[in-house]
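Me: Could you walk me through reading a helix and its charged neighbours?
Reply: Happy to; let us look together.

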Amino acid sequence: MFSVLNDMRAASPGRVLFWGVAASAVLTGLVWLLGQRLEDFRLTLLPDQGASWYYWKLPDPTFWSRATAWIGYAAHQLAAWGLIYYAQTRVRRYAVGLHPVNVVALAVNFGFVVLHTVQTHLFYDGLAQDVSIFSSQGSVVILLVVVLLMENRRRGLFAGRPAPISAEVVGFARRYHGYLFSWAAIYTFWYHPMENTSGHLIGFLYMFLLLVQGSLFLTRAHVDRWWTASLELMVAVHGTLVAVMTSGPGGAWPMFLFGFLGVFVITQMHGLGIPRGVRWLLAAAYVAAVLAVYAGRGFGRADEVVRIPAIEYLLVGVLAVLLWLALRIARMFRAAGTAGPGGGEPPGDTASPAGGTRDGREPLETAAGGDGVPRP
């Protein structure tokens, strides 16, 4: 495996992503295969107790079932954050293939996937034993919302038109998003035991792809528009299939399908270079599909379609305001700390906290495609 990773150092972005997707699919297949050995644990699980209940956790957790899950998660998380910090402070340049640090990141993530698999088969429990199911779901929602915010200036938020979010806020999100996205993916990954139900398998495939993306910082593959949009859109596939599996054809699956596809039509497709006429056709097909489905389900339930987009766009606004306030407060403290003789900014300094300039030029984060370092 390590020789394959080393060979990828000079590979094209397309080849890097191909092998990343292939490896994720193979790992998902192994989760399915090995999960058949977990039957003894499943026989002890308590009956389902509703939407807020996570079914796949032991009724009588032990010290070691908890400790191994939390220690494994903490070690995985700290390792990922350390690699991101190293790349931002030591590497600071883009590559067509992989940097050595990318090879290390991929190997580290693979090692922790193996560790979590062993931990599941020995102790079963993930983090779900101690934290709410909504924390796992919420972490992915936060990830999607931050992507909308930090891509606002490039592709807009509504039909290609950007929302009035300051460059400083967008620059901050671009500079530090890797730490947040790493947390969202790794936390969700360790939340679940390595079960092989259909819902778990779809979720683990998505997590493996996110771990691949999180390992490709400072590479052309990491900022490929079609690849990143596919990761955003995959949540529609995951949410829809899980809803069908849990509640059947009469359940809330259209809320997930048309909700996330609605975000694609309103925002995400406008950053892909798709011709305007094709975008109009995609929007028309989306509306026609909504009308066809709710003609049978009843138009009284059509409000399902707007719930997810409304929540995501509302959260973008809330997050933008909170970040703006936090940056203002931080600036006030910095100004207070540098006040007095010899304090303050030197004359002629044009650097802004967002990494851009006060003369209106693009900040480094935008030019870099989101990693906070300039492209070569």
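Reply: Contact means heavy atoms within 4.5 Å. Helices (H or I, at least four residues) and strands (E, at least two) are DSSP runs, numbered from the N terminus. This is a predicted model, where local features need pLDDT of at least 70, side-chain atom pairs count only at pLDDT 80 or more, and totals for chains, interfaces and linings use all residues. Residues are numbered from 1 along each chain as its sequence is written, and side-chain values use heavy atoms, leaving out hydrogens and water.

Me: Which helices do the buried residues of helix 10 pack against?
Reply: Buried means under 20% relative accessible area, exposed over 50%, partly exposed in between (1.4 Å probe, protein chains only). The buried residues of helix 10, including Trp-227 and Leu-231, pack against helix 2 (13-35), helix 6 (133-150), helix 7 (152-155), helix 9 (198-215) and helix 11 (253-266).

Me: What follows helix 10?
Reply: Gly-248 does, with a positive phi near 80 degrees.

Me: How many salt bridges does a search of the whole structure find?
Reply: Side chains of opposite charge can pair when their charged atoms come close. A salt bridge is a side-chain nitrogen of Lys or Arg within 4 Å of a carboxyl oxygen of Asp or Glu. The search finds 11. One of them pairs Asp-130 with Arg-66, with closest N and O atoms 2.6 Å apart. Asp-130 lies in the loop between helix 5 (100-123) and helix 6, and Arg-66 in helix 4 (residues 63-91), so the pair ties together parts 64 residues apart in sequence.

Me: Where is Glu-312 found?
Reply: Glu-312 sits in helix 13 (residues 304-338). Glu-312 is buried yet has no salt bridge, and the nearest side chain of opposite charge, Arg-155, is 7.8 Å away. Here Lys and Arg count as positive and Asp and Glu as negative, while His and the chain ends are not counted.
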